[in-house]
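Subject: Structure handover and notes

Dear colleague,

Here is the structure I promised to pass on to you, with my notes below it.

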Amino acid sequence: MLKGIPKSVILVLKTALSPARLTLLSKLRYPDVDMAANVFLAPPCVFEGSNKIAWGSSCHDVKLGYGSYIAAYSSVGKADIGRFCSIGCHVQIGLALHHIDTVSTHPLLEGPMLQNKRTRIGNDVWIGAGATLLGKGGGLTIGDGAIVGAGSVVTKDVPPYAIVGGNPARIIRYRFDEAIIRRLLALKWWDWPVERIMAAKEDFKDVNLFLEKYAHATD
């Protein structure tokens, strides 16, 4: 079928069509995910619903909670991500690990590469553009409501509702005072039925009024 076509042309065609093929496979595997072109979702992945994956991003062994999305050119692997999370563009989670106590760190010489531990990201977490999560053994826990600043390199667990930034990332401040954080964590609004969350959307704009109105809310 390809007889007579120069090898250079075949190579160009294969290179150009490869991303489209991977995206098609991803769409067939996960038809309910809203994904852009040049996206690759490698199993096993679990998507709770209303998830978006932007251009050029990839996921492998990822659980993505309801409403959470991943922006363009991000790579996420071996991660459990909660509901209503915002993962910015060019974010790296679950990178491969090399041995550092061997003669060489090159994969051909160091032996089997180290296995990443799972990264666990809570609910309502915002990870800014260009952030890299590099916990010991690849495993990190990012608490509910936390914010990771753009370009940060996170090497330690992040407490709930903390704002971290820098390389290595450090706590800059917390989004709210301790009392409000305790009340939000107890309320766990992200576990409400989606219809209830959307009905309360306008109330999310003021944390004090929100807590006052829903202080005794139950599932």
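Predicted model: local features only at pLDDT ≥ 70, side-chain atom pairs only at ≥ 80, totals over all residues.

On another strand, β14 (residues 147–148), Ile147 stands opposite Ile163 of β16, and here β14 and β16 pair in the parallel sense over two bridges. These strands are part of an open sheet of eight strands with mixed pairing, in the order β1-β4-β6-β8-β11-β14-β16-β17. The edges are formed by β1 (34–35) and β17, each of which has a single partner strand, so one side of each is left without a neighbour in the sheet.

Leaving aside neighbours within four places in sequence, Leu41 is in contact with several residues, among them Tyr30, Val33, Met35, Phe47, Ile53 and Cys59. In soluble globular proteins, nonpolar side chains tend to be buried together.

The structure holds zero disulfides; for Cys59, the nearest cysteine sulfur is that of Cys45, 5.6 Å away, whereas a disulfide would need the two sulfur atoms within 2.5 Å. Cys59 is buried, with a relative accessible area of 2%, and Cys85 also counts as buried, at 0% relative accessibility.

Asp80 lies in strand β7, residues 75–81, and with a relative accessible area of 15% it counts as buried, because the cut-off is under 20%. The side chain of Asp80 makes a polar contact with the side chain of Arg120, at 2.4 Å. Not counting residues up to four places away in sequence, Asp80 touches Lys63, Arg118, Thr119, Arg120 and Ile121.

Finally, the aromatic rings, for which the count comes to 10 aromatic pairs. One of them is formed by Phe84 and Trp189, a tilted pair with 5.6 Å centre to centre and 45 degrees between the planes. This pair links distant parts of the chain, with Phe84 in the loop between β7 and β8 (86–87) and Trp189 in the loop between α3 (178–187) and α4 (194–199), 105 residues apart. Trp189 is buried, with a relative accessible area of 7%. Trp192 and Tyr214 form a tilted pair too, with 5.3 Å centre to centre and 55 degrees between the planes; Trp192 is in the loop between α3 and α4, while Tyr214 is in the segment after α5 (207–213), 22 residues apart. Both count as buried, Trp192 at 1% relative accessibility and Tyr214 at 11%. Ring pairs link Tyr66, Phe84, Trp189, Trp190, Trp192, Phe204, Phe210 and Tyr214 into a cluster.

Notes
Residues numbered from 1 in each chain as written. Heavy atoms only, no water. Buried < 20%, exposed > 50% of the residue type's maximum accessible area, 1.4 Å probe, protein only. Pairing = 2+ DSSP bridges. Helix = DSSP H or I, 4+ residues; strand = E, 2+ residues; numbered from the N terminus. Polar contact = N/O pair within 3.5 Å; in protein donor to acceptor, adjacent residues only side chain to side chain. Contact = heavy atoms within 4.5 Å. Phe/Tyr/Trp six-rings, centres within 6.5 Å; stacked < 30°, edge-to-face > 60°.
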